[in-house]
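Morning, everyone. I have one model to walk through, so please look at the screen.

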Amino acid sequence: MNSFCWADLSSYSLNKSQEFYRSLFGWNFTDDPNYSIAHQGENEICGIYPMPSKFRNLGMPHFWMSYIQVDSVKSLLSKIPAFPNAKLEMTDEFQNGDIALIRDPQGAGFTIYDGSDLSCRSSSPGRLVWNELHLSDERKAIPFYQHLFGWEFVNAADGHYEILADQQHVSDLFVMPNSLKGKYEYWVCSFGVSDLAKSTKQIADLGGGILSEEASRCLVHDPSGEAFFYVQQC
């Protein structure tokens with residue numbers, strides 16, 4: 001529990017987004033205009049759905065959302081008031097469980113889920129392989145996540161913390177200036193690919209873009225210019 005289980009994409013252009021990710025990862029999508037599930041063979045990969053009107057009115061960009069599986073959404077929500085700068089955005093029922101969208105004290109959004117039907121993280125190409133937090137001040141974030149999930153933060157390097165849940169490495173926190181990450185704080189999804197060079201070229205050919213390159217992964221965006229994610233060699 002208290003580890004990552006799902007991801008979904010809010011899109012202003014559902015059909016265009018589906019075509020991009022279908023071409024890049026080979027995903028197939030269920031024919032549901034409200035919430036479409038991406039599949040790789042029989043495996044459920046993620047969700048994709050039209051940007052809700054609430055977020056449209058706020059001018060929110062396309063974005064990938066990270067989901068964290070918990071024992072009880074209701075129980076965790078009772079802990080939020082201890083951090084006045086944290087915010088509950090919405091609650092709902094989804095896939096035989098409750099969900100809640102929360103923003104941490106610096107504004108990074110994530111969703112908690114207490115059902116058992118969502119499990120998509122893997123180490124295979126075309127799958128969600130990792131989630132990590134990019135922010136500008138770990139001092140404002142670490143106490144919040146410790147209080148909410150009981151996570152342990154291990155200082156692995158300057159500006160890099162490994163996040164442990166029940167002694168298991170489940171995520172990472174990276175501290176970086178706005179000049180590198182932009183003005184927002186956010187959770188990032190990483191998807192596996194078998195050939196990083198081939199995939200980054202394909203992203204460019206499909207209208208996406210490369211934001212930064214590392215040894216085994218690249219931070220990229222889809223054709224919206226807004227929804228960004230990592231492609232990671234695996």
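First, the ground rules. This is a predicted model, where local features need pLDDT of at least 70, side-chain atom pairs count only at pLDDT 80 or more, and totals for chains, interfaces and linings use all residues. Residues are numbered from 1 along each chain as its sequence is written, and side-chain values use heavy atoms, with hydrogens and water left out.

Pockets. Rolling a probe the size of a water molecule over the atoms shows where empty space is left. Here the search runs on a 1 Å grid over the protein atoms alone, and a pocket is an open set of points where a 1.4 Å probe fits, with protein on both sides within 12 Å along at least five of seven lines. Lining residues have an atom within 4 Å of a point. A volume is the space filled by probe spheres set on the points, which are joined across faces, edges and corners.

The largest pocket comes to about 740 Å³. Its lining has 32 residues. Nearest the centre are Lys-181, Tyr-184, Glu-185, Tyr-186 and Phe-228. Several elements give two or more residues to this lining, including β5 (63-69), β9 (128-135), β12 and α5 (178-181). A word on those labels: helices (H or I, at least four residues) and strands (E, at least two) are DSSP runs, numbered from the N terminus. Which element gives the most to this lining? That is β5, with three residues. By class, the lining has 16 nonpolar, eight polar and eight charged residues. Nonpolar here covers Ala, Val, Leu, Ile, Met, Phe, Trp, Tyr, Cys and Pro; charged covers Asp, Glu, Lys and Arg; the others, Gly among them, are polar.

Now the second largest pocket. Its volume is about 310 Å³. It is lined by 16 residues, and Tyr-49, Pro-52, Tyr-67, Met-90 and Ile-99 are the closest to its centre. The elements giving two or more residues are α2 (53-57), β5, β6 (87-94) and β7 (97-103). The largest share, four residues, comes from β6. This lining divides into 11 nonpolar, one polar and four charged residues.

On to the cores. In soluble globular proteins, nonpolar side chains tend to be buried together. A nonpolar core is a set of buried Ala, Val, Leu, Ile, Met, Phe, Trp, Tyr and Cys residues joined through side-chain atoms within 4.5 Å. Buried means under 20% relative accessible area, exposed over 50%, and partly exposed in between, with a 1.4 Å probe and protein chains only. The largest core holds 41 residues, and Tyr-21, Trp-27, Trp-64 and Phe-229 touch the most other members. Helix α1 supplies the largest share of this core, five residues. Another core lies apart, with 29 residues, among them Phe-4, Leu-76, Leu-135 and Trp-187.

Single residues next. Ser-17 sits in helix α1 (residues 14-25). Is Ser-17 buried or exposed? Its relative accessible area is 6%, so Ser-17 is buried. Beyond four places in sequence, Ser-17 is in contact (heavy atoms within 4.5 Å) with Leu-9, Ser-11, Ile-48 and His-62.

Gln-106 is in the loop between β7 and β8 (109-113). Gln-106 counts as buried because its relative accessible area is 18%. A polar atom of its side chain lies 2.7 Å from the backbone oxygen of Asp-137. Its contacts beyond four places in sequence include Leu-135, Lys-140 and Glu-185.

His-169 belongs to strand β12 (residues 168-175). At 35% relative accessible area, His-169 is partly exposed. The His-169 side chain reaches the backbone oxygen of Ser-171 at 3.0 Å. A polar contact of 3.1 Å joins the side chains of His-169 and Asp-172. By polar contact I mean a pair of N or O atoms within 3.5 Å; within protein, one must be able to donate a hydrogen and the other to accept it, and residues adjacent in sequence count only if both atoms are side-chain atoms. Leaving out residues up to four places away, His-169 touches Trp-130, Glu-162, Ile-163 and Leu-164.

Last, backbone angles. Most residues other than glycine have a negative phi. Asn-96, in the loop between β6 and β7, has a positive phi near 60 degrees. Asn-96 is exposed, at 70% relative accessible area. Asp-166, in the loop between β11 (160-165) and β12, has a positive phi of about 55 degrees. Asp-166 counts as exposed too, at 65% relative accessibility.

That's my tour. Over to you.
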